[in-house]
Amino acid sequence: MTQSANARGGAVPWVAVGPALLWTLAFFAAPFIAMALVSVTVKGGGFSLANYQQFFTDPSYYRALFNSLEVTAIVTVISILLAYPFAWILAEQIPERWQRLALILAILPFWTSYVVRSYSWLLVLAEKGVVNNTLVQLGLIAEPIQLANTRFATVTGFVHFFVMLLTLTIFANLKQLSPSYRKAAADLGAGPVRTFLHIILPLTLPGIMVGAFLTFVLATGDYITPQILGGNNELLMPQLIMLQIGRRGDFPLASALSILLMLVVTVAYLACARWLKIERA
Amino acid sequence: MRSAIRLATIIYAVLIYGFIFLPVVTLVLFSFQATSFPIPPFSGPSLRWYQAVLGDARLTSALLNSLAVAVISSAVATLLGFLAAWGFARFRLPASALMRGLITLPLTVSYLIIGMGLLVLFNSIGFPKSLTAAGIGHVVINLPLCFAILYSQMGEHQANIERAARDLGAKEWQVLTLVTAPMLWPALFASFFLSMTFSWDEFVISFLLTRFDTTLPVEIWNLLRSGLNPKTNAVGSLVFLVSIAFVLLFELVFFRKSRS
């Protein structure tokens with residue numbers, strides 16, 4: 001690791017790391033500072049905390065953050081519950097030589113763009129879409145039910161994406177487990193259920209946590225899925241932010257809301273930090 | 001009992017695969033719809049909507065814009081990530097962990113906030129909305145990824161070979177281009193293609209930072225305003241096809257590599 005790296009080099013290492021550092025400072029740190037500064041002004045005026053005040057006092061504003069957190073929590077739980085058994089089947093039940101193919105297939109739609117994926121769900125959930133059509137044909141419902149433009153549609157769109165993501169992280173984690181853990185547990189008299197609860201589940205917790213954290217970051221920050229599938233019946237935080245820019249051109253308020261959203265994600269990051277270390281192999 | 005469990009796992013796997021593929025199959029199937037609504041019953045197959053897409057100058061130019069932004073921004077992100085990974089792995093720098101943390105930090109921030117920040121910054125310094133602005137944003141989101149991938153691949157045996165090259169009289173830039181880069185090409189390739197797929201699919205940054213000339217996801221978004229339309233299915237299917245091509249290329253290269 002770094003201990004054996006040579007210390008000499010003079011300007012060379014700075015020339016190497018400089019461009020990436022400068023890029024990050026100029027186009028990531030500076031924008032953030034600009035946003036922070038703009039957030040404590042009002043549109044067309046001087047210093048003011050009015051934007052933050054508005055968020056904390058106006059229910060339609062803080063409600064958007066609650067909606068975001070609620071939807072994210074529901075999505076994370078459902079996605080883990082659906083993905084875990086699926087990842088287990090892929091890792092343990094499918095013969096080794098087919099595993100790679102099965103996994104690639106399982107995450108293929110992961111690579112469609114956000115916009116296209118959400119639009120596809122709109123097709124499925126539309127009033128005369130595939131689901132309603134099938135249910136009516138089967139005689140299960142008389143009239144099409146409203147599926148699109150609901151929270152249900154937003155959650156479905158999100159779960160679809162995050163089941164694939166979590167399958168990937170949990171699968172990777174399951175594959176790393178040495179079979180000897182299971183053998184040892186069996187030798188010591190543990191049944192499959194106890195082995196799972198006391199050995200497998202704790203050891204795959206990092207995979208679940210990484211996936212859950214990614215779910216949290218991506219779902220709380222995604223504008224497309226709630227906008228296309230949920231519509232404007234209830235706003236999530238990203239929709240509220242985009243609304244400030246789109247209709248009103250209110251950069252200060254949009255900046256304040258963005259910073260609040262980022263703070264929430266940072267708190268979550270710190271809570272999960274111990275599972276998320278990026279290490280050199 | 002055992003066969004019951006076996007049956008349950010098969011049913012479960014089929015259901016999940018069904019859930020995963022339901023929207024994609026619907027999208028592609030109704031892109032071949034002959035009538036004007038992409039809803040059942042299926043009335044195709046017809047290629048009229050693909051013709052409509054290829055005849056739409058806005059969509060084809062957006063497609064070229066997307067490819068250009070993806071290739072250029074990924075090349076920049078891979079190059080900067082490679083240089084930084086090499087610098088941090090091979091030299092002892094003060095506050096190294098802090099600087100590495102800074103470079104990887106954008107990974108934890110959503111695209112929306114990165115785009116918002118750049119919008120506010122560019123707006124305040126008078127930098128116009130453009131494909132360049134969107135490309136800058138795409139480098140911001142992909143650089144941490146490229147850096148993380150390449151930094152994790154900077155192994156000790158490569159450092160020894162670099163040392164040997166230096167002892168034989170190679171200059172630092174020769175070591176980098178003739179020794180380090182060729183040894184790391186699979187990781188460089190991985191970084192580049194992952195960046196390509198992320199840039200290709202990225203919506204919100206391009207949406208915020210471009211105006212007239214824009215990328216394909218933004219143009220598709222504009223199409224959505226007209227409601228459900230088989231033309232959107234057709235262009236969506238084409239986008240999906242390109243993404244799959246990226247992934248398969250990636251797979252082929254790495255499959256070959258892991259076998260050899």
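Ala34(B) is partly exposed, with 13 other C-beta atoms within 10 Å; a residue is called buried if 20 or more other C-beta atoms lie within 10 Å of its own, exposed if 12 or fewer, and partly exposed in between, with C-beta atoms placed from the backbone. Ala34(B) is found in the loop between H1 and helix H2 (48-54) of chain B, where helices (H or I, at least four residues) and strands (E, at least two) are DSSP runs, numbered from the N terminus. This is a predicted model, in which local features need pLDDT of at least 70 and side-chain atom pairs count only at pLDDT 80 or more, while totals for chains, interfaces and linings use all residues. Residues are numbered from 1 along each chain as its sequence is written, and chains are lettered from A and ligands numbered from 1 in the order in which they are written.

**Around Ala34(B)**

- Leaving aside residues up to four places away in sequence, Ala34(B) touches Ser43(B), Gly44(B), Ser46(B) and Arg48(B); two residues are in contact if their C-beta atoms, placed from the backbone, lie within 7 Å.
- Ala34(B) and Gly44(B) are ten residues apart along the chain, and 4.8 Å separates their C-alpha atoms.

**Confidence in the model**

- The ipTM of the model is 0.87 and the pTM is 0.86.
- Chain B has a mean pLDDT of 88, and 97% of its residues reach 70 or more; pLDDT is the predictor's confidence in each residue, from 0 to 100.
- For chain A the mean pLDDT is 85, with 93% of its residues at 70 or more.
- Residues 1-5 of chain A have pLDDT below 50, and this stretch makes seven contacts in the model beyond near neighbours in sequence.
- Where pLDDT is low, the predicted coordinates should not be read in detail.

**Where the two chains meet**

- In the model, 75 residues of chain B are in contact with 73 residues of chain A.
- On the chain B side, at least two residues each come from H1, helix H3 (57-90), helix H4 (96-104), helix H5 (111-125), helix H6 (131-152), helix H9 (185-201), helix H11 (216-224) and helix H12 (230-259).
- H1(B) gives the most to this side of chain B, with 14 residues.
- The side of chain B that touches chain A is made up of 54 nonpolar, 15 polar and six charged residues; here Ala, Val, Leu, Ile, Met, Phe, Trp, Tyr, Cys and Pro count as nonpolar, Asp, Glu, Lys and Arg as charged, and the others, Gly among them, as polar.

- Helix H5 (residues 114-125) of chain A packs against helix H1 (residues 2-30) of chain B at an angle of about 85°, and their axes are 8 Å apart; axes are lines fitted to C-alpha atoms, for helices over the stretch in contact, and angles run from 0 to 180 degrees between N-to-C directions.
- That angle makes H5(A) roughly perpendicular to H1(B); angles under 35 degrees count as roughly parallel, over 145 as roughly antiparallel, 65 to 115 as roughly perpendicular and the rest as oblique.
- From H5(A), the residues Arg117(A), Ser120(A), Trp121(A), Leu123(A) and Val124(A) meet Leu22(B), Pro23(B), Val24(B), Thr26(B), Leu27(B) and Phe30(B) of H1(B).
- This contact of H5(A) with H1(B) has eight nonpolar residues, two polar and one charged.

**Helix H5 of chain B**

- H5(B) has 15 residues and spans 21 Å from its first C-alpha to its last, close to the 21 Å expected at 1.5 Å a residue; the expected span is 1.5 Å times one less than the number of residues.
- Twelve of the 15 residues of H5(B) are buried, so this helix is largely enclosed by the rest of the structure.
- Among the buried residues of H5(B) are Tyr111(B), Met116(B), Gly117(B) and Phe122(B).
- Just after H5(B), Gly126(B) has a positive phi of about 80°.

**Positive phi outside glycine**

- Ala95(B) is not a glycine, yet its phi is positive, at about 55°.
- Ala95(B) sits in the loop between H3 and H4 of chain B, and it counts as exposed, with 9 C-beta neighbours inside 10 Å.
- Asn149(A), also not a glycine, takes a positive phi of about 60°.
- Asn149(A) belongs to the loop between helix H6 (130-137) and helix H7 (151-176) of chain A, and is partly exposed, with 18 other C-beta atoms within 10 Å.
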